[in-house]
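Me: Hi! I'm new to this one and would like a quick tour. Could you walk me through it?

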Amino acid sequence: MSRDAIAAPWGTRTPYGRGEVWPVRVDMHLADGVTEADVDRWVQSASILHSNGDALDIAVKDGRVVGVRGRGEDRVNHGRLGPKDLFGWQANRSPDRLTRPLVRRGGRLVETDWDEAMDLVVRRSQDLLAEQGPSALGFYTTGQLFLEEYYTLGVVAHAGVGTPHVDGNTRLCTATAAAALKQSFGCDGQPGSYTDVDHADVIALYGHNMAETQSVLWTRILDRLAGPNPPAVVCVDPRLTPVAREAAVHLAPRPGTNVALMNGLLAEVIAHDWVDHDYVERHVVGFDELKEQLATWSADRAADVCDVPVEDLREAARLVGTADRLLSTVLQGFYQSNQATAAAVQVNNIHLVRGRLGTPGNGILQMNGQPTAQNTREAGADGDLAAFRNWTNESHVADLARVWNVDPMTIPHYTPPTHVMQQLRYAEEGSIRFLWVQATNPLVSLPELHRVRSVLSQERLFLVVQDIFLTETAQIADVVLPAATWGEKEGTFTNVDRTVHYSGKAVEPPGEARPDLDIFLDYARRMGFQDKDGGPLVHWHDPESAFEAWKECTRGRPCDYTGLTYDRLQGGSGVQWPCNDRSPDGTERLYVDGAFWSAPDYCESYGRDLVTGAPVSQTEYKALNPHGKAVVKYARYVPPHELPSEEYPLQLTTGRTLYHFHTRTKTARAPQLQAAAPEVWVEMSAHDADAYGVAEGDLLEVASPRAAVQARLRVSGIRRGVVFLPFHYGYWDTPSGHEPDGGARAANELTVTEWDPCSKQPIFKTAVARVRLLERGDGTPSAAPSTTASRSVRTGPPATAGGPAAAVEEDVRARVAGGAR
Amino acid sequence: MKIGMALRELHRSENELARALLEVSERHRVDHDVFYLGRELASWSQAHVRALADAGSRYDVDLDPEPVTGQGLLAAARERWSDAVGRDPRAALRLLVDVREVYTLACGVSVDWELVAQAAQGVRDAELLALSKACHPETLRQMRWANAKLKESATQILVS
Ligand code: SF4
């Protein structure tokens, strides 16, 4: 059966009932004119354009990638693929890939060879180390490299260079997921499993438009909804997302009030005594304080602060409060908003108070945005210590020093790792003078772009960019290193629910582009990094030997990979860590029977003050939680710092769309995806559009106290008083290249420089704004897709479709996935 | 009885701390977390000042319920200074000095709360004891914040 995967992104329903196995449906898309029979070989991999971890095989013909096919036997997707999986691979063979290193000469980037480029990077590193020491060097990586690469980078930066300035763009994306898990469970690591969808009777999605961010997981929920005894969906989102349309209850709170909303829900749960007192008694600390703090909260008060109907809030509380099997998921609506960590922690609190954790259907998914974000975090490329070691625990530092065979003093642990916004500040004041950016594009994705451009383009900052295209950021770099990408290199990566997948090399990288791992290995060799016995610090030489080194680093830690090998991961299904002697088949759910990783001498983190962000000390933590239970924490509701005024009467929220990823470096180069959402748009509610006298397709100026952008209007189901801009659109495909020239279009021109004190995740969702009409439309609708949250609530705009170019073969099989659950 | 004196001293030291936090916030506008948290933490001390004025009336001390607010010309001048020195490395040293002051002031406030709590127990003033139990932990959090900020910034500032 064939379908248009742009028009029907979630595909054909394969309904199933509670406790049953999700049926297999294998999706396949091959380049025009290629059939399955023409394919020379299939190379195993998984998706790299979101965090779901959809397993797929890459079709290769005549040394080129010609398509993809879902892996029916994999536990994650049972064969299904989303639109970005199906079409995104075409970017690999885009003619404008970077194929040679570039260096800046006379103000221009010119081609050079690897020797010269690396020599420049190494010389500048060494000069700065001699002159100022490691504090002059910073590393800003991504959530899109492979595990082996992050681990190598972490060793290079922490033990080789010895700098605390290491972070990934996962800071923008999943830092709050990690922080919330550390607060509640003392450790990062996703408690739940995707299979919880198969068992749940209530699924609550908090600020999580799963239909667009993890489309295949949403397909799983749609299939439950279409089957017998479907779950009830609770949705918290200011937009009328596809999730909201399927929800039993949709709460659309005022931006910035998530903590108030959660307080209201928890207060109801406690008032009705939907509390598992036995579980709380045995496995939780902090419940009495939580109860005391919540005493001033009620459904009424929360409904008032959040401006949602109180009956809806009560109904949502009843659903999560009485569910027998409760699955909760959280994403950017919480993570990128006011009081991010405090709000996400409250979701954990509901599960702990209700004792709904560690059994089928009772799970928490503090989601990731990016495909390999979990690895950034566990390997320490976000600045944390490798394998969830605790940087404030001397014995953990000593243990890591043993694994790396270095003096503990060389591992910077005297301060928390420097998050990217602070790195930017250090670069601004001139104390960071070398910044190496990999596979991310801060010139579009960080808040307040005018400031970011001015800091990163300073003469005194040496900027190295390692990427596959000449992004906005690469355009202002001093050295550009061309990298290989997915399909052109080998490695492993781990999705949201801890499933580790192997990804093989299908084709050669273009020109002289090199795998990121090779670039890091080359740097380590040229820098001459040594361990304390004079041997090479980085003693591995290829992906598999890097993986083996990483395994040793994880031995006995929560993310234990010691039971995995490349062999084991090839063929069949991905495997969930921890996987070791004790759980040779991997681990479906964490925290079964309240067995947490939070004991003072084992935990990854002692937590932080939710309001001030100050780290909790070892002594305090030992007093609070001597027996390694889960911790329920509470933070007072604090309104967002920017509030609407006469001058800026609206609230601005930014976000993503199903068809694009990040700053579109790949998705804009996949014709079907680009055609589905070709241009920026702005959303307003019908009420606000009428009040302003504007209509579909009109060109508006959206301004915040920092800047203004231009976009055409889509009248959508968004909450009143709120405008929405997708953040994907920068400038690389405009004549000006890396910055606006006349009308700006990047949403982050408008956002505010502010971050959550606990997770350090920037806040993208609560700026204020005003709009004005620039030019009436000529009847042409805005470019917003009709299939997603941006669907028009007025008639007129045509339905988004991909046509024959977006045709996908669906093979719905009676056979269930081979043992993969 | 000298409880009134202790309350007066605490009222003064809380006001002093609020002022210091507001100044730190205004002066280091370009250090965005200091800017926002300085204000937030100042508001805690301001709330303490109001509560103390209330408690003072029971001990015949007349304490101004209006805390310092840090508004006015001086503040505007400091903000301009802050924007101008965003790229001046001397601003970083100044940050250490300023946050250090917040830390020592908060330590003083903490001791003052201990004294008041001791006195409240002596005269069995449950209300005053409860006030101290509600406010003192916030002082400790202010201290920990300043201490953490110092630790976090010191290495970078002092070695570069
Ligand atoms: S688009 Fe944003 S949220 Fe999504 S993966 Fe990228 S950084 Fe994360």
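Reply: Happy to. One definition before the tour: a residue counts as buried when its relative accessible area is under 20%, and as exposed when that area is over 50%. Also, please keep in mind that this is a predicted model.

Me: Thanks. So is Thr176(A) buried or exposed?
Reply: Thr176(A) has a relative accessible area of 0%, so by the under 20% cut-off Thr176(A) is buried.

Me: Where in chain A does Thr176(A) sit?
Reply: Thr176(A) belongs to helix α4 of chain A, which covers residues 175–185.

Me: And which residues is Thr176(A) in contact with, if I skip the neighbours within four places in sequence?
Reply: With those set aside, Thr176(A) is in contact with Tyr335(A), Ala340(A), Thr341(A), Ala344(A), Ser759(A) and Gln761(A). Take Gln761(A): in sequence Thr176(A) and Gln761(A) are 585 residues apart, yet their C-alpha atoms are 6.5 Å apart in space.

Me: Nice. Let's zoom out. How many helices and strands does chain A have?
Reply: Chain A has 27 helices and 29 strands. The radius of gyration of chain A is 25 Å, close to the 28 Å that the globule rule gives for 821 residues, so chain A is as compact as a globular protein of that length.

Me: What box do the C-alpha atoms of chain A fill?
Reply: Taken along the principal axes, that box is roughly 65 × 65 × 60 Å.

Me: What share of chain A counts as buried?
Reply: 70% of the 821 residues of chain A count as buried.

Me: You showed me one contact across the sequence. What about the contacts in chain A overall?
Reply: Looking at contacts in chain A between residues at least 6 apart in sequence, 76% of them join residues at least 24 apart.

Me: Now chain B. What is it built from?
Reply: Chain B has 5 helices and 0 strands. Along the sequence the pattern reads α-α-α-α-α. Of the 160 residues in chain B, 52% are buried. Chain B exposes about 7700 Å², with carbon and sulfur atoms supplying 55% of it.

Me: And the contacts in chain B?
Reply: Among the contacts in chain B with a separation of 6 or more, 79% are between residues 24 or more positions apart.

Me: How many bridges join β19(A) to β20(A)?
Reply: There are 4 bridges between β19(A) and β20(A), and one of the pairs puts Thr494(A) with Val500(A). The hairpin of these two strands has 4 residues between them, and Arg498(A) there takes a positive phi near 70°.

Me: And on the β21(A) side?
Reply: β20(A), residues 499–503, pairs with β21(A) over 2 bridges. Val500(A) stands opposite Val575(A), and Thr499(A) has Gln576(A) as its bridge partner.

Me: Are the faces of β20(A) covered or open?
Reply: Both faces are covered: Thr499(A), His501(A) and Ser503(A) on one side and Val500(A) and Tyr502(A) on the other are all buried.

Me: What about β17(A), which strands does it pair with?
Reply: β17(A) runs parallel to β16(A), residues 434–438, with 5 bridges joining them. It also runs parallel to β18(A), residues 479–482, through 4 bridges. As for cover, 6 of the 6 residues of β17(A), 462–467, are buried.

Me: Last topic: which residues surround the ligand?
Reply: They are Cys173(A), Gln332(A), Gly369(A), Gln370(A), Arg656(A), Phe661(A), His662(A) and Phe727(A). This shell divides into 3 nonpolar, 4 polar and 1 charged.

Technical notes: Residues numbered from 1 in each chain as written. Chains lettered and ligands numbered in written order. Predicted model: local features only at pLDDT ≥ 70, side-chain atom pairs only at ≥ 80, totals over all residues. Heavy atoms only, no water. Near = heavy atom within 4 Å. Nonpolar A, V, L, I, M, F, W, Y, C, P; charged D, E, K, R; others polar. Rg over C-alpha atoms; globule rule 2.2 N^0.38 Å. Buried < 20%, exposed > 50% of the residue type's maximum accessible area, 1.4 Å probe, protein only. Contact = heavy atoms within 4.5 Å. Pairing = 2+ DSSP bridges. Areas by Shrake-Rupley, 256 points an atom, 1.4 Å probe, with all protein chains shown as cover.
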